[in-house]
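The following note sets out numbered points on the model shown below. Each point takes up one topic.

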Amino acid sequence: MTIKLKCLSHTPLRGLNDPAPDVIAEVDAVLARARADVEAFDPELIVIFAPDHYNGLFYDLMPPFVIATAAVSVGDYMTLPGPLSVERDLALDLARFILDHDVDISLSHRLQVDHGCTQTLEELTGSLTRYPVIPIIINSVAPPFAPYRRIRRLGEVVGQFIATLDKRVLVLGTGGLSHEPPVPLLEGAPEAIGEFLICGRNPTPEARAARQARTVAAGKIYGTELSAQTPLNAEWDQAFIALLLDARLDAVDDFSIEEISKEAGRSTHEVRTWVAAFAALAAARGGYSAQRDYYRPINEWIAGYGVMSAEPR
Ligand SMILES: O=C(O)CCC(=O)/C=C/C=C(\O)C(=O)O
Ligand SMILES: [Fe+2]
């Protein structure tokens, strides 16, 4: 087994509310290098830890973690629609392995995934089907959340499974860093929004367009005094990146979900996917060496935007 890791932010606002051209060029150059790394590594399997934003998972049955044996992209914002090339039997083996190692995980034989999973796949591989993939969705958007120590444990078990494979495996984490887009909360929501959060699958094109327009409008004022959303927090982001660089993963066990939401924004919890990915790498090979490829707070994208890479020492 050989293993590599990439963790990066995603943003539904790419192409819809862009920052200055020099910032886009900078990010494009970083992503082009990451894509070239992936091409050179030529993974035989991608395990992607990703969040969902009320496109595949709703409160009618909201799992803390779910592994998909088949997945289809809803094609929200500017992302590609259609099926992902999920390795069904291997995903099932992984689900059994996780359960056998005392971590509970849900299973979907037909999961809808959104930009939170597909944007990174597209950016790093050019399509949804280039390589075999196993998506693992970690609830990062719909409270209550499992504690960070459970995410680390999930990642460890996935890493132990990867260590049993005779394959080149790319582990991805997508989402974060600090940010707070206008994702509704069930607590206190008006009835129509509550109904959507409980069972809003397959919205009409008009409903999806209205939803996306709200996100674009939020991006236009994010980080100004007109915005009610928690602003980006570069200090929090840098401290989190430093923790990963130093392989101090057990520090996440002390993370307070409430404090992070207040300090860095509610969607900062998408970094749970990074925690799982780094824990998987650390467990697969007993240590890693990581690098920060990029960081910049980008208000137009509602993203403390970061990219990291890592591999065994
Ligand atoms: O209901 C909605 O559409 C809420 C908006 C939304 O889903 C935004 C998602 C934003 C990100 O993925 C992000 O910033 O990580
Ligand atoms: Fe997201």
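1. Basis of the note. The model is predicted: local features need pLDDT of at least 70, side-chain atom pairs count only at pLDDT 80 or more, and totals for chains, interfaces and linings use all residues. Residues are numbered from 1 along each chain as its sequence is written, while chains are lettered from A and ligands numbered from 1 in the order in which they are written.

2. Overall form. The protein has 9 helices and 11 strands; helices (H or I, at least four residues) and strands (E, at least two) are DSSP runs, numbered from the N terminus. Its radius of gyration is 18 Å, close to the 20 Å given by the globule rule for 313 residues, so the protein is as compact as a globular protein of that length. The radius is taken over C-alpha atoms, and the rule is 2.2 Å times the number of residues to the power 0.38. The C-alpha trace spans about 50 × 40 × 35 Å along its principal axes. Of the 313 residues, 46% are buried; a residue is buried if 20 or more other C-beta atoms lie within 10 Å of its own, exposed if 12 or fewer, and partly exposed in between, with C-beta atoms placed from the backbone. Among contacts between residues at least 6 apart in sequence, 85% join residues at least 24 apart, a contact being two C-beta atoms, placed from the backbone, within 7 Å.

3. Two strands pair if DSSP finds at least two bridges between them. Strand β3 (residues 65-68) runs parallel to β6 over 3 bridges, with V66 opposite S106, and it pairs with β8 in the antiparallel sense, also over 3 bridges. The bridge partner of V66 in β8 is I137. Strands β2 and β8 run parallel and are joined by 5 bridges; there V47 stands opposite I134.

4. How many residues of β8 are buried? The count is 6 of the 6, so β8 is largely enclosed by the rest of the structure. V133, P135 and I137 are buried on one side, and I134, I136 and I138 on the other. In a regular strand the side chains alternate between the two faces of the sheet. In helix α3 (residues 115-125), 9 of the 11 residues are buried, among them H115, Q119 and E123.

5. The hairpin. Strands β10 and β11 run antiparallel and are joined by 9 bridges, with P297 opposite G304. The hairpin has 4 residues between the strands, and I302 takes a positive phi near 45°. I302 has 28 C-beta neighbours inside 10 Å and therefore counts as buried.

6. Backbone points for review. The peptide bond from G176 to L177 is cis, with omega near 0°. A further cis bond, from P143 to P144, has omega near 5°; P144 is in the loop between β8 and α4 (148-163). D102, in the loop between α2 (88-100) and β6, is a residue other than glycine with a positive phi, near 70°. D102 has 8 C-beta neighbours inside 10 Å, so it counts as exposed.

7. Ligand surroundings. Which residues are closest to ligand 1? They are H53, P181, V183, R211 and T215, out of 18 that surround it; a residue is near if its C-beta atom, placed from the backbone, lies within 6 Å. The shell divides into 8 nonpolar, 8 polar and 2 charged residues. Here Ala, Val, Leu, Ile, Met, Phe, Trp, Tyr, Cys and Pro count as nonpolar, Asp, Glu, Lys and Arg as charged, and the others, Gly among them, as polar.
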